[in-house]
Amino acid sequence: MQADGDGATLVVHSATKYLTGNGTVTGGIVLDSGKFDWSASDKFPSLSQPEPAYHGLVFHPTLGSMAFTFHSIAIGLRDLGMTMNPQAAHYTLMGIETLGLRMERHVKNAQKVAEWLEADPRVEAVTYAGLKSSPYHKRAKKIVPKGAGALFTVALKSGYDGCVRMIDRAKLFSHVANLGDTRSLIIHPASTTHRQLTEEQQVRAGAAPNLVRISIGIEDVEDIIADLDQAMG
Ligand SMILES: *Cc1c(COP(=O)(O)O)cnc(C)c1O
């Protein structure tokens, strides 16, 4: 959410990906700059109007720049109960100690793998924003100049069956539904996470039948490429 041209004012971030590195924790982070005027319109009555479930407190005028944060705790956390357990918080804090190092390797590996895949004749397209062919390349250079993450999809000329075969053959890659792990992960959305959709819906969701989603880990990049090479047959 953006109040002006001055960057994001409210960021909702998944702590499930990358922070621990091991895919052992689910968690989230909400960062509020306190700059947004919740009372400027009638769109945010829970912050600009009296809250009946909190003794009629009007969060925004009363708490100012901390309104959203206090509402998240007093109402959101109280009613929904999404409190991170202490061990999950401990794992997350320990993981963050090596996050910078791991991300450098993640994005370096992802860039190399995406370039290798894009040049392979068995591949139709690669969606990685670090590639010049991506419509998001320019934006990625500006927003994430150190690298465009380590998650992307690859479209195979061999179609749905080729994707299923690739997943079956992959050895270094783990076949799981999560992402942002130190290990390289692979999944074929059209036969798993998105199988309940029609083909048209799959295409619109970026999960076309001939797409494989890969999350590049921090292994030796030559091993990652060798595994994809043999898996594509
Ligand atoms: C991403 C993911 C979720 C959802 O976590 P969010 O923090 O809501 O994105 C849940 N389980 C697994 C295994 C995941 O990878």
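In this predicted model, the side chain of S14 places an N or O atom 2.7 Å from an oxygen atom of the ligand.

| Residue | Protein atom | Distance to a ligand oxygen |
|---|---|---|
| S14 | side-chain N or O | 2.7 Å |

Taken alone, the ligand exposes 380 Å², of which the protein buries 48% (accessible areas by the Shrake-Rupley method, 1.4 Å probe). Its surroundings consist of S14, T16, K17, T26, G27, N178 and L179, each with a heavy atom within 4 Å. By class, this shell has 1 nonpolar, 5 polar and 1 charged residues, with Gly counted as polar.

The domain assignment, automatic or from a database, divides the chain into domain 1 (10-96) and domain 2 (99-232). Their C-alpha centres lie 32 Å apart. Contact (heavy atoms within 4.5 Å) joins 9 residues of domain 1 to 13 residues of domain 2. About 860 Å² is buried between the domains, 49% of it on carbon and sulfur atoms; this is the accessible area (1.4 Å probe) lost by the two parts on being put together, summed over both. In domain 1, K17, Y18 and G21 lose the most area to domain 2, together 65% of what that side buries.

Between the domains there are 8 residue pairs in polar contact, both residues at pLDDT 80 or more. The side of domain 1 that touches domain 2 has 3 nonpolar, 5 polar and 1 charged residues.

Residues are numbered from 1 along each chain as its sequence is written, and side-chain values use heavy atoms, without hydrogens and water. Local features need pLDDT of at least 70 and side-chain atom pairs count only at pLDDT 80 or more, whereas totals for chains, interfaces and linings use all residues.

Notes: Polar contact = N/O pair within 3.5 Å; in protein donor to acceptor, adjacent residues only side chain to side chain.
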